Amino acid sequence: MIATSNGWNLYVGGNGDATPRHADLLAQNLSDDELVRLIDRFLMCYIRTDDRLERAST
C-alpha cells in the first residue's frame, strides 16, 4: 500500500528471492474502505485457491 494525494495504491506480488522483482499495481486511487475491501478479497482468493504455504509471488 502506498498513500497518494488521491487515495491509496495497492501493489501485490513481488519477490525477494534470488530473482527480485517489483510488485504489480493492482488498483490505484482507492478510498480507505475500498482498500480494506480489496485486501480482504485478495487474501480470501489466495486462501481459497492456493496450496497451503504456497508463495504468491509467481
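Read along the sequence, the chain follows the order β-β-β-α, and its secondary structure amounts to one helix and three strands. Helices (H or I, at least four residues) and strands (E, at least two) are DSSP runs, numbered from the N terminus. The model is predicted: local features need pLDDT of at least 70 and side-chain atom pairs count only at pLDDT 80 or more, whereas totals for chains, interfaces and linings use all residues. Residues are numbered from 1 along each chain as its sequence is written, and side-chain values use heavy atoms, with hydrogens and water left out.

Taken along the principal axes, the C-alpha atoms fill a box of roughly 35 × 25 × 10 Å. Of the 58 residues of the chain, 17% count as buried, that is, under 20% relative accessible area, with exposed meaning over 50% and partly exposed in between (1.4 Å probe, protein chains only).

Part of the surface is nonpolar. Leu26, Phe42, Leu43, Met44 and Ile47 form a nonpolar patch with about 430 Å² of accessible area together. Areas come from the Shrake-Rupley method with a 1.4 Å probe, and for residues only the protein chains shown count as cover. Such a patch joins nonpolar side chains (Val, Leu, Ile, Met, Phe, Trp, Tyr) within 5 Å, each residue having over 30% relative accessible area and no salt bridge; a salt bridge is a side-chain nitrogen of Lys or Arg within 4 Å of a carboxyl oxygen of Asp or Glu. Helix 1 (residues 32-49) gives the most to this patch, with four residues. Phenylalanine 42 is found in helix 1 and counts as partly exposed because its relative accessibility is 33%.

Terms used: Patch = residues over 30% accessible without salt bridge, like charges linked within 9 Å, V, L, I, M, F, W, Y side chains within 5 Å.
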